[in-house]
Amino acid sequence: MGRYVARRLLQMIPVFIGSTFLIFSMMFALPGDPVKALFGEQHIDPVQVAQIKQNLGLDQPFMVQYWDYLTGLFQGDFGTQIASQRPVADVIADAFPVTVRLALFSFVFLVAVGIPLGVIAGLRPNTVTDRTLLFVALLLVSVPSFVLGYFAQYVFAFQLGWTEPNVQDSTNYGQLLLPAIVLAALSLAYVTRLTRTSVAENLRADYVRTAIAKGLPRHRVIGVHLVRNSMIPVVTFLGVEIGTLMAGAVVTEGVFNVQGVGRTVFQALIRREGSTVVGIVTLLVLVYLAASLIVDLLYAVLDPRIRYA
Amino acid sequence: MTILDKTADVPGPHGPGDANTPLLEVRDLHVEFHTRDGVAKAVNGVNYSVKPGETLAVLGESGSGKSVSAQAVMGIIDMPPGKIPKGEILFKGQDMLKMSPEERRRIRGAKIAMIFQDALSALNPVLSVGYQLGEMFRVHQGLSRKEAKAKSIELMDRVRIPAAKQRVNDYPHQFSGGMRQRIMIAMALALEPDLIIADEPTTALDVTVQAQVMDLLAELQREYNMGLILITHDLGVVADVADKIAVMYAGRIVETAPVHELYARPAHPYTRGLLDSIPRLDQKGQELYAIKGLPPNLTRIPSGCAFNPRCPKADDICRTDLPVLHQVTEQGGGEIAGRGSACHFWKETIHG
Amino acid sequence: MPEALTVKDATPPDTAAPGEPKPEKARSLWSDAWYDLRRNPLFVISAALIVFLVAMAVAPGLFTDVANPSSGDPANRYLQTPHFAHVFQADWLGYDVQGRSIWARMVYGTRTSLTVAICVTLLVTLFGSLVGMLAGYFGGWVDALLSRLTDVFFAIPFLLGAMVILTTFPNRSVWVVVLALAFLGWTQIARVSRGAVMTVKQSDYVTAAKALGASTTRILLKHIVPNAAAPVIVVASIALGGYIAAEATLSFLGIGISAPTISWGVDVSTAKDQLRIAPHTLLMPSILVSLCVLAFLMFGDAVRNALDPKMR
């Protein structure tokens with residue numbers, strides 16, 4: 001197990017470097033000049049611009065910039081925002097907890113609702129219940145999250161007045177509920193469908209038949225034998241979804257005006273704040289890589305047949 | 001010509017301990033599956049009975065209904081698509097088909113247990129064998145986890161799994177095929193049931209291991225005086241352990257006989273074909289006999305005798321009239337106990 | 001004794017009853033799937049919807065008589081609510097904040113949406129399955145290299161990555177959006193096709209072909225590709241729905257296709273400021289986006305179910 005973890009971590013290094021390099025070069029190719037953008041309509045003093053660029057290391061060749069960035073990253077230095085002169089690390093530290101809270105809230109909702117619905121459908125494959133649930137899930141997947149967001153806002157905030165249209169206080173879970181559900185909707189549908197498929201497939205498995213032949217009560221056949229085995233693929237999916245939820249917050253946070261990573265990265269993109277964008281995307285890549293490692297290890301716990309060498 | 005009474009051994013008002021009372025009696029059992037290609041009639045009027053300590057072998061090809069009828073006895077057929085439109089399954093005189101699901105559940109595992117063919121897929125891959133064995137005691141007898149584990153080790157010892165104590169927490173995939181099948185047997189034996197149904201218990205095993213497992217099963221059966229229904233397609237397995245045999249074809253019993261009678265003098269062309277297709281040392285070098293054709297599609301079973309398209313003796317009557325299970329007699333007319341043949345030409349087959 | 005057909009007796013598969021194989025015709029996976037699909041109402045509905053949408057994209061003039069959907073109505077009917085009885089007419093679904101016919105803009109936006117989604121899907125399928133096939137078939141260092149490359153692209157959040165690329169272009173045409181989405185989107189197909197190829201590679205007929213001395217090209221084209229195609233097709237048709245949603249989302253965020261090209265996402269974005277006073281301006285294009293995505297998802301779903309006998 002220890003060796004496996006070590007090997008996986010080693011494999012992650014090139015992926016991590018590759019991904020950050022990719023995102024860094026995508027940012028570097030940006031034609032907009034962030035320093036010029038700083039001056040806006042004012043007269044630009046080329047000497048001053050060159051000075052600022054030199055201070056920020058923007059006059060260096062691309063590879064040198066990337067190397068500086070990467071080495072800085074390992075020392076916890078994400079760079080500095082050009083307009084505000086704030087360290088990017090501070091900006092991220094402000095926004096990250098908000099998105100983490102939103103994503104985790106969403107995740108809890110996903111697990112608490114998606115899995116039971118999937119089990120309910122999977123236990124009765126091809127019945128009206130199953131087909132209805134599958135169709136609703138399909139419907140939910142089809143609606144882009146910005147559409148769902150505005151729809152939810154219109155109905156629950158404007159028409160029914162149950163909640164605020166915008167999130168003012170990101171620590172208030174009542175206000176976060178609506179964005180969390182909207183954020184979860186897409187993944188929820190996938191989790192439901194995946195659980196349903198897995199349960200329906202395992203329902204025919206020989207060991208389930210054995211469990212019934214042993215005279216176990218229905219709740220035990222389902223709870224101990226069927227659902228536990230069916231959860232293995234679902235757990236894999238859920239792990240990867242944590243990253244997806246955080247990245248998906250770009251849209252949801254925009255709709256509900258949540259001051260999280262999504263809004264921050266969006267504003268940074270518009271203002272051409274390269275280091276902020278790269279910093280946030282890098283963190284999201286890290287979250288994704290960590291989650292996929294955890295999922296792999298969890299896999300071994302859930303399925304004893306898997307042995308890591 | 002007498003027709004064998006389908007309820008030859010009527011359950012009397014005796015207790016279950018009486019050796020002559022059938023433990024299990026299946027009467028006119030029908031099972032069908034409703035599929036999108038039509039209704040597959042898997043079992044079409046099967047009768048058989050098992051007494052305590054007795055071994056009944058049910059012989060047949062895939063799709064002959066041998067496994068389905070056993071699953072109907074266990075009550076583990078998926079309904080739908082399965083359906084039991086007709087029949088009775090009497091366990092100690094009580095029709096299980098009329099029982100509540102809860103009553104049936106209490107019988108399953110505790111009174112009637114089943115051994116499945118492929119232990120690797122029949123055991124839950126993600127739970128330890130100790131847990132799966134212990135579950136029997138915990139559910140049916142309400143034992144604690146710890147007590148159940150001790151019992152599991154005892155059971156594993158009983159089926160002669162070496163180092164049971166160390167292996168109780170291992171998972172099914174960590175055992176060899178033979179050991180896994182022993183675990184299946186242990187699970188079936190756990191609560192000392194009255195009847196065990198073994199569905200091709202040795203098919204998935206190596207030949208050398210087959211004999212060991214079969215011997216173990218026979219030994220334990222004698223020890224506990226259990227009834228055993230052995231479902232198989234292997235005539236070799238049957239000869240050593242069975243008391244009587246029922247040969248099934250297309251959902252019907254086509255021949256019943258005490259085991260040695262059947263080998264010596266088959267009374268149905270299908271049984272004869274099966275016996276002739278066994279390779280024999282004294283016929284080395286000759287072409288091996290094979291029954292021509294394939295078993296019928298269960299959604300379209302041929303009219304008359306289902307075997308007629310493949311039967312060397314088939315005549316016009318075989319294509320129109322369904323043969324009943326005739327009582328087989330000696331040439332002189334003397335009844336042979338327990339023998340029946342569902343063939344219009346049984347006399348020619350056995351005596352000809 | 002012959003075990004003619006091994007059948008799990010408790011649940012006989014619906015396709016062939018236990019017993020002899022069907023005498024009348026040999027059903028292939030594809031013909032069986034087609035038989036299934038024609039009887040699946042979800043497939044019929046989704047196929048009809050797709051035909052309808054494609055027709056709108058090809059010949060928008062057939063569905064609306066508004067010649068220029070980008071210019072406001074001379075009568076200045078700002079935010080007028082729908083007249084549902086006036087099917088296909090300019091005022092059918094009302095007017096937006098600039099007095100433009102919402103229906104006409106929806107019709108003309110179809111071409112944008114479908115062009116992006118279909119082009120991205122084609123590019124992604126070609127490139128992704130090529131990478132997946134090479135990795136899956138050759139294994140070893142080829143696989144290691146290509147798999148890591150796939151991981152690198154997969155680790156970048158799709159929408160966010162596309163946003164980063166697109167902000168570099170001040171004027172974003174349909175093709176820029178297509179390339180940005182395809183650049184990041186191929187990984188899923190690569191993974192699926194790698195898995196499918198690896199499964200097929202181990203099958204007996206491939207071993208047999210190798211034993212008979214077939215060339216690598218022949219094995220790849222005659223055996224691997226046709227047999228590994230099913231899962232790729234399914235994933236591609238579901239992904240197509242996803243690209244429609246992605247394009248709309250990017251346009252909605254203001255970093256998708258630039259005006260004057262008509263895009264549903266842009267219209268939704270414009271309409272969001274009038275959400276309280278004129279929800280129909282937002283609702284109508286939103287419904288069409290969702291319907292369009294739904295059509296392709298249902299289509300992919302139906303095909304998947306038909307091709308996967310296990311799920312019957």
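Good morning. I shall begin with the largest nonpolar core of this predicted model. This core holds 273 residues, and those that touch the most other members are B:M184, B:A186, B:I197, C:A162, C:M163, C:L181 and C:I244. The element that gives the most to this core is helix α8 of chain C, spanning residues 216-253, with 17 residues.

Let us stay with one of those residues, C:I244. Which residues is C:I244 in contact with, once its neighbours within four places in sequence are left aside? They are C:S113, C:A117, C:V289, C:C292, C:V293 and C:F296.

I turn now to chain C in general. How many helices and strands does chain C have? There are ten helices and zero strands. Of the 312 residues in chain C, 47% are buried. As for contacts in chain C between residues at least 6 apart in sequence, 71% of them join residues at least 24 apart.

In an unreviewed entry, UniProt assigns the feature "transmembrane region" to residues 42-63, 114-140, 152-169, 175-193, 228-246 and 282-303 of chain C. Let us compare two of these segments with the model. Over residues 42-63 of chain C, the chain is 77% helix and 0% strand, and 25 Å separate the end C-alpha atoms. Over residues 152-169 of chain C, the values are 78% helix and 0% strand, with the end C-alpha atoms 23 Å apart.

Finally, I move to chain B and to the backbone. B:E192 has a phi near 45°, a positive value in a residue other than glycine. Where does B:E192 lie? Its place is the loop between α7, residues 177-189, and β7, residues 195-199, of chain B. B:E200 also has a phi near 45°, again positive in a residue other than glycine. This second glutamate lies in the loop between β7 and α8, residues 207-224, of chain B.

Are these two residues buried or exposed? B:E192 is partly exposed, because 13 other C-beta atoms lie within 10 Å. B:E200 is buried, because 21 other C-beta atoms lie within 10 Å, and the cut-off for a buried residue is 20 or more.

Thank you for your attention.

Note on methods:
Residues numbered from 1 in each chain as written. Chains lettered and ligands numbered in written order. Predicted model: local features only at pLDDT ≥ 70, side-chain atom pairs only at ≥ 80, totals over all residues. Helix = DSSP H or I, 4+ residues; strand = E, 2+ residues; numbered from the N terminus. Buried ≥ 20, exposed ≤ 12 C-beta atoms within 10 Å, placed from the backbone. Contact = placed C-beta atoms within 7 Å. UniProt positions renumbered as here; feature names shortened; annotations may be inferred. Core = buried A, V, L, I, M, F, W, Y, C linked by C-beta atoms within 7 Å.
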